[in-house]
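Good morning. I will talk through one structure today, starting with a pocket and ending with the cores. Please look at the screen.

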Amino acid sequence: MTKSPRYFGAWGNVPTDGDVRPFSMLNPSGGDINRTNRRHHFISAVYMDGFADDSGRVQVYLCEAPGNPLPPMSPRAIGFERDYYSQKLPGGDQDNHRFEDLWNTIETVWPETVRALAARRLSTAISFNVLGMQTIMRARVPATRDRHALMIEAKIRCEHKIGEELGLLPPQLERYTGQFDTVPVGVNPHETLLAMKGEFKDFGDLCFRLGFEVLHNKTSIPFLTSDNPVCSYDPRQPLHARTPYEHPGEVELIFPVSAHMLVRGSSKRGPVNVISRHRDISDSRRVRQLNRTIAQFSYRMTIGQDRSSDDLIRAHGALVPTITTKVRRLGKEVQIICRNVFGPRPTLSQYIDTPEKAARLEAKMAAASSHPDPAPE
């Protein structure tokens with residue numbers, strides 16, 4: 001049976017598979033404009049359900065303290081931020097639900113998709129839903145949005161340093177002369193939301209280079225996941241020298257689906273852009289190897305069903321996937337070179353959008369720059 005998609009157009013015209021509906025059948029336009037929920041999950045709670053223990057809770061490790069896991073928690077109590085997807089509207093109002101409604105189409109069909117994977121089924125609808133979840137979990141997460149914020153920050157600093165050199169700074173910025181390498185630069189979160197469109201396209205292009213399979217974990221060690229669960233890299237690189245998200249040649253991608261299933265993509269496998277087989281893993285060493293990669297790609301938190309991978313999580317807590325930026329100037333031409341790396345998690349500056357926030361920042365900067373006279377000897 002094929003049902004015409006109501007929102008996604010011909011691209012989403014995917015046949016159903018029994019009880020598995022392609023997410024394109026659901027309309028992401030919410031009907032209640034008066035909804036007030038502003039607690040936005042950046043990692044889907046229904047996705048995290050697949051990693052919960054028998055009591056419905058998950059083990060959470062924060063990357064700043066990987067050796068001290070939090071008490072087991074409900075998936076609905078973690079992985080969210082207030083107004084994470086909110087956008088200011090031209091009339092002064094705020095939209096809090098447009099992105100949440102889009103994610104909800106995929107999250108709604110996720111439980112039936114996971115059940116079909118556990119039953120080792122293969123179909124266009126199943127592949128479509130899995131690739132959809134991978135796409136949003138690659139684009140919506142803080143690891144991705146923060147990388148875009150860092151790129152925008154580098155561009156802003158460069159533009160203002162050039163303006164300073166040319167004597168073209170606006171009067172309100174002249175007081176920052178000589179400080180554009182260090183002054184806090186807060187990036188409008190709306191800009192990183194808009195950047196998700198490019199992430200969707202880039203990830204879709206990558207999927208057309210990869211064939212996918214489902215690995216079923218038959219060991220006693222459950223798969224980990226994280227707030228950045230889509231991991232892609234060159235499998236020829238050793239783990240200690242790995243570069244995240246670099247895809248010029250051979251590519252491997254892993255995406256944990258549940259504590260007992262993981263999707264693996266490979267540029268050496270076909271057909272591309274679909275899941276074409278199921279395989280068992282009975283070697284605990286292979287599961288630990290995959291868990292090590294999942295822990296390596298964690299950004300704010302790693303999530304598990306139990307504490308069997310404590311050592312792997314501790315080993316990778318200090319470094320996260322991020323970028324370095326370098327400015328190259330050739331005459332009037334300016335290039336900002338960004339490189340994907342594993343490095344310390346960046347601390348982004350607050351975006352200043354009210355006079356009150358600006359006053360607090362100015363006072364903080366003034367206090368930091370003033371030094372009391374040294375005490376007399």
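Helices (H or I, at least four residues) and strands (E, at least two) are DSSP runs, numbered from the N terminus. This is a predicted model: local features need pLDDT of at least 70, side-chain atom pairs count only at pLDDT 80 or more, and totals for chains, interfaces and linings use all residues. Residues are numbered from 1 along each chain as its sequence is written, and side-chain values use heavy atoms, with hydrogens and water left out.

First, the pocket. On a 1 Å grid over the protein atoms alone, a pocket is an open set of points with protein on both sides within 12 Å along at least five of seven lines, and lining residues have an atom within 4 Å of a point. The second largest pocket is lined by 30 residues, and Glu 81, Arg 145, Val 187, Pro 189 and Tyr 351 lie nearest its centre. Which helix gives the largest share of this lining? That is H4, with five residues. H4 spans 142-165, and at least two lining residues each also come from strand S3 (80-82), strand S4 (87-88) and helix H5 (189-194).

Lys 357 is in helix H9, residues 355-369. Is Lys 357 buried, exposed or partly exposed? Partly exposed, because its relative accessibility is 22%; buried means under 20% relative accessible area, exposed over 50%, and partly exposed in between, with a 1.4 Å probe and protein chains only.

Thr 105, in helix H2, has 3% relative accessibility and therefore counts as buried. Leaving out residues up to four places away in sequence, Thr 105 touches Phe 8, Phe 23, Leu 26, Asn 27 and Pro 28.

Now the cores. A nonpolar core is a set of buried Ala, Val, Leu, Ile, Met, Phe, Trp, Tyr and Cys residues joined through side-chain atoms within 4.5 Å. The largest one has 57 residues, and Tyr 47, Met 137 and Phe 255 have the most contacts inside it. Elements giving two or more residues to this core include helix H1 (45-48), helix H2 (98-118) and helix H3 (124-139). H3 supplies the largest share, nine residues. A separate core of 18 residues includes Tyr 245, Ala 295, Phe 297 and Ile 313.

Conventions:
Contact means heavy atoms within 4.5 Å. On a 1 Å grid over the protein atoms alone, a cavity is a set of points where a 1.4 Å probe fits but cannot get out, and a pocket is an open set with protein on both sides within 12 Å along at least five of seven lines; lining residues have an atom within 4 Å of a point.
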